[in-house]
Amino acid sequence: MAETITYSVPGMTCNHCKAAVTEELSGVSGVELVAVDLDTKLVEVSGQKLDEGALRAAIVEAGYEAA
Ligand SMILES: [Cu+2]
């Protein structure tokens with residue numbers, strides 16, 4: 001069953017940030033869709049059997065922090 005998890009990532013300011021976060025999260029197992037909203041600084045991750053720890057690690061790997 002698909003699930004969606006939303007993270008607040010205040011450090012994202014531009015399209016480069018958006019691309020970096022999207023790329024890292026897209027590489028996490030089970031992730032099917034990543035939607036970044038720069039205005040609200042929210043990242044929506046959708047997929048199957050999502051691993052919260054892996055998702056947070058991917059955000060850190062991209063150089064940001066999930067609030
Ligand atoms: Cu940026």
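Which residues touch the most other members of the largest nonpolar core?

The model is predicted: local features need pLDDT of at least 70 and side-chain atom pairs count only at pLDDT 80 or more, while totals for chains, interfaces and linings use all residues. Residues are numbered from 1 along each chain as its sequence is written, and side-chain values use heavy atoms, with hydrogens and water left out.

**The core.** Select Leu25, Val43, Leu55 and Tyr64; of the 21 residues in the largest nonpolar core, these touch the most other members. Such a core is a set of buried Ala, Val, Leu, Ile, Met, Phe, Trp, Tyr and Cys residues joined through side-chain atoms within 4.5 Å. Buried means under 20% relative accessible area, exposed over 50%, and partly exposed in between (1.4 Å probe, protein chains only).

Next, colour strand E1 (2–8), helix H1 (15–26), strand E2 (31–37), strand E3 (42–48) and helix H2 (52–61), each of which supplies at least two residues of this core. The largest share, four residues, comes from H1. Helices (H or I, at least four residues) and strands (E, at least two) are DSSP runs, numbered from the N terminus.

**Around Tyr64.** Display the contacts of Tyr64, where contact means heavy atoms within 4.5 Å. Leaving aside residues up to four places away in sequence, Tyr64 touches Val9, Gly11, Met12, His16, Cys17, Ala20, Val21 and Ile59.

**The copper site.** From Cys17, move to the copper ion, which is coordinated by the SG atoms of Cys14 and Cys17, at 2.0 Å. Donors are N, O and S atoms within 2.8 Å of the metal (3.2 Å for Na, K and Ca); water is not among the atoms, so sites may look incomplete. Cys14 is partly exposed, with a relative accessible area of 34%, whereas Cys17 is buried at 5%. The structure holds zero disulfides, a disulfide being a pair of cysteine sulfur atoms within 2.5 Å.

**Two loops.** Most residues other than glycine have a negative phi. Select Lys41, in the loop between E2 and E3; its phi is positive, about 60°. Lys41 is partly exposed, at 24% relative accessible area. Finish at Lys49, in the loop between E3 and H2, where phi is also positive, near 45°. Lys49 is exposed, at 78% relative accessibility.
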